[in-house]
Structures are given as C-alpha cells and as structure tokens.
Amino acid sequence: MNFDTIAAISTGLIPGGIGIVRVSGDKAVAVCEPLVRLKKLSLSQAKANHLYYGQIADQNGVIDEALIAVLRAPHSYTAEDTVELQCHGGPFVLQKVLDAVLKAGARLAEPGEFTKRAFLNGRLDLSEAEAVMDLISAGSELARETALKQLQGKNSALIRRLRAGILEKTAFLEAALDDPEHYELTDYEKEAEPFIQDLIREIEGLLKTADDGKVLVEGIRTAIIGRPNVGKSSFMNCLLGYERAIVTQIPGTTRDTIEESFRFQDLVLRLLDTAGIRESADVVEKIGIDRALEAVKEADLVLLIADGSETLSEEDEALLALCEGKTRLMLLNKSDLGLKEDPAALEARYGCPCYGISAKNGSGLEAVLEKIRTLFRLSEIRQQPLLVTNLRHKELLREALTSLEYAEKTLQSHAPEDLLTIDLMDAYRALGRILGEEVEEDLVNEIFSKFCMGK
Ligand code: GDP
C-alpha cells in the first residue's frame, strides 16, 4: 500500500540510555538523508540492516550523535522502508531530533500507527497486531506468555485451521447443489453432523479459556470488605508488603479511585478501591456499605475480613450475604490474639472457605494465596496450549458458535442444504474478523488508537 512517511519517538519519554526516533514510509530515507551525516557515505547509500555511527544535524548544527539503521521494505516492522535513529535517550534530545525529521517532511505518527501499517501491509494479521500491545502492557508471566503466543500467530493458526475446515465443507455443498449429477448428498448429514459438533466443541473450549484467561491475565479484581476495625487496611498493607510481592498503582475503573495490583509469582490481584479502604474509619462507616456493594459488584473475588478475636457479628453475616454467589473467602483476622470461631465450622455453616490469619504477623497468608490459586485454577490454566484474552475475539467466537449451532439445527431438521451453507459461511466470516478480514476501517482505527505512541 502507499502511505505517507511517519515518524515518532518509539522509546517513550522517560530518560534512558538510548532513545529511538523511528521513521517509516516510502520517503523515510529521503526525509532523513539531509539530517544524517555518516563518515563515508550518504544515508541512501547505506546498506540495509547495518548500524552506522553518525551525527544528526539540522541547519543550526549537530543535535546528537547516533547509531543509524536503514531497513528496507518489506523487511521491517511496518514492511515499509524504515530509518531508526538511535539517539541518546533524553526527552529533550529526542524531541529535537523528531522535530527536525518532521520539518524535513515526515508526519507525526498517530498512536499505534507503525503497527497499523504492519497490519495494513499484511505483515501481521489483526490478532497478531493486537498482541503487540498486550505484550507491551503484560504485567505478569502468564500475560507475557499469552501475548507472545498470539503475536507468534498461534491463535491465528488455530482460527485458520477452523476456517479451512468450514470452507472445505461449504465448497463441497455448493458444488453438490450446483451439480447434483456429479455429487452425492445422500450421506451428507451423517458426515456433516459430527464435523459441526467437533467445531462447536472446539470453539466452546476456546471460549472457556477466554473466561478463565482474561481474569488471570489482567489480574483478579479483588474486593476487600469488612466492618470497620477488623483490619482491612492492615491486611492490605500486609499483602502489599509481602515478601517478593510486586506492587504497582493503576488507575481504577471508577473515577478518582486508585487500584493497587499485587503480584505473587503467577498470581495477580487487583485490589479494588484501595483509596476507599485507606480512608479514616468514620468516613468508611458513613459510606462503607455502598462502597462495599460497589466493589463487590465489580469483583472477581471477594475477601471478607472479620475480627477473629471476637465471635461473628450480624454485620459480618450481612456482608457474607452481600457477596453470596461470588467467589469469596472469609478471613478471620487477628489470629495472633486467639480465634473465637473455628474456621472449619464456619466454612461448613456458611459454605464459604474460611481461614484464620493475622495481618499483624502475616500468618495464614500463604494458605490464603494458595487457596486463591486453586479457586481460579491457575495451574490448570497455565497448561492450556492457548488462551483467548481479547474481548473482541471472544465476541466473534461467540458469534461463530451461534452460527454453528444454527447449522446443527438446520441439519437436524433436514432443511434445505443451502440454508446450511449460509450458517457455515456466517461462522467462517465471524472467525475471519478475528484475523482482520472484512473489518471496518473505524474498528481498525479504534483498535490502534489504544496503542502507545511510537509503536
Ligand atoms: P480497618 O478499619 O478494617 O481498615 O482496620 P485497620 O487495619 O485500621 O485495623 C484496626 C485495628 O486492628 C488497628 O489497631 C490494627 O493495628 C489492629 N489490627 C489489624 N490487624 C491485626 C492483627 O492481625 N492482629 C492484631 N492483634 N491487631 C490487628
């Protein structure tokens, strides 16, 4: 395809050892040529895939010393001619180099535009392109592994295999309908039914990984609720201060909230509304129940904390009822003071796993984390060859599944075969959209607009 030449800082704006200004498009070399001073040759004479030491300069003088690489189409990230200017990684220097490149005729790239070009130029399919951003934002081992597999085309290969099967069956049907003299359709149902049922089973399996995988890759949204003074914030601090835990602050889904994400090995918990928990007790008392309700609604996991040094109160029971139906754990805190209730007995009474813990000295925490790993079947999920984590893919898989279920019904009701081909082709097209076939331009733009600058 023919596009204009774009440029951006590809390494972010935090000072670092090296920062890269990337230029891509037919005129990438021509745009950079007057700015790049190499020792013995001009930029257009530079060999592809080699690094050259040189200077970046404009009419006012030298801006930086850099290593410069030229990548020739189609052997570059975008599949276009690309120049990479590897400068010193300071925001000011990089901005000045970028300004010079823009002045020389490039256009500032939109977020994700390099990857969008890789897609439009056919180097990546849409699912692979989407994986690029997943890999960049991966915050856990499982997220990284999953994104990398998708980027390497493992998900796409599976979708292509399913589509090839559907196409073959549809082609046979179409041929037989067009040319009944040479094609026999009498035994067709016997053969088509197991084929469709296998497809349905396979897509259902993928959808199941979508439900499990998304939670684990993005982090289990965890609500910590409990009466005032039971030790919610102490528990949270204990969790966040836990040995080997890696804590990051991420903006919450509701405005003005801060979420903290807690990572322990392959377990990632996103603690919902941590600001709310940390507020002083009287504020919590006033708005506590609303806030707890809100957090519970959003949560994949509820940790209900009670004061284990006292017997369970009516309020504790009310909170327990509040999170009925959710994946939940009751934690009897302050076990260092001696537990008044027996966790096993409570578990039997309320049907909610119950653990004695001490936020003060950390005892019992390991068992709680282990239980969470089991509840979310973490080990089992990590063994899956493929995880679908993208919401768009999940919706399209559902669409394909619905069409295949129609196809199965059509077959079972002995309706005319041409109805069957319609259902099968609907499934085929839904799967194709995962790879980016027949998707609208608006959708493509929306997907890439969520990318970071320079990617
Ligand atoms: P919150 O209102 O639920 O957030 O409760 P806090 O975390 O503020 O704790 C209330 C009080 O209980 C504080 O005085 C804590 O020091 C105390 N506390 C919290 N956890 C423990 C614990 O495991 N053992 C003991 N002995 N005291 C605790």
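Student: How much space lies in the second largest cavity, and which helix gives the largest share of its lining?
Tutor: This is a predicted model. About 60 Å³ of space lies in the second largest cavity. Its lining includes Leu142, Glu145, Ile381 and Arg382. Helix 5 and helix 14 (378–383) each supply at least two lining residues. The largest share, four residues, comes from helix 5.

Student: How many charged residues are in the lining of the second largest cavity?
Tutor: Sort that lining by class. Five residues are nonpolar and two are polar. The charged residues number three.

Student: What is the volume of the largest cavity, and how many charged residues line it?
Tutor: The volume of the largest cavity is about 70 Å³. Ser127, Asn155 and His393 are among the residues that line it. By class, the lining has seven nonpolar and three polar residues.

Student: Which residues are closest to the centre of the largest pocket?
Tutor: About 1,100 Å³ of space lies in the largest pocket. Its lining has 34 residues. The closest to the centre are Asp134, Ser137, Glu218, Thr389 and Asn390.

Student: Which helix supplies the largest share of the lining of the largest pocket?
Tutor: Several elements each supply at least two residues, including helix 4 (126–136), helix 7 (188–218) and strand 9 (246–251). Domain 2 (130–209 + 388–435) and domain 3 (217–380) each give at least three. The largest share is four residues, and these come from helix 15.

Methods. Residues are numbered from 1 along each chain as its sequence is written. This is a predicted model: local features need pLDDT of at least 70, side-chain atom pairs count only at pLDDT 80 or more; totals for chains, interfaces and linings use all residues. Side-chain values use heavy atoms; hydrogens and water are left out. On a 1 Å grid over the protein atoms alone, a cavity is a set of points where a 1.4 Å probe fits but cannot get out, and a pocket is an open set with protein on both sides within 12 Å along at least five of seven lines; lining residues have an atom within 4 Å of a point. Grid points are joined across faces, edges and corners, and a volume is the space filled by probe spheres set on the points. Domain bounds come from an automatic or database domain assignment. Ala, Val, Leu, Ile, Met, Phe, Trp, Tyr, Cys and Pro count as nonpolar, Asp, Glu, Lys and Arg as charged, and the others, Gly among them, as polar.
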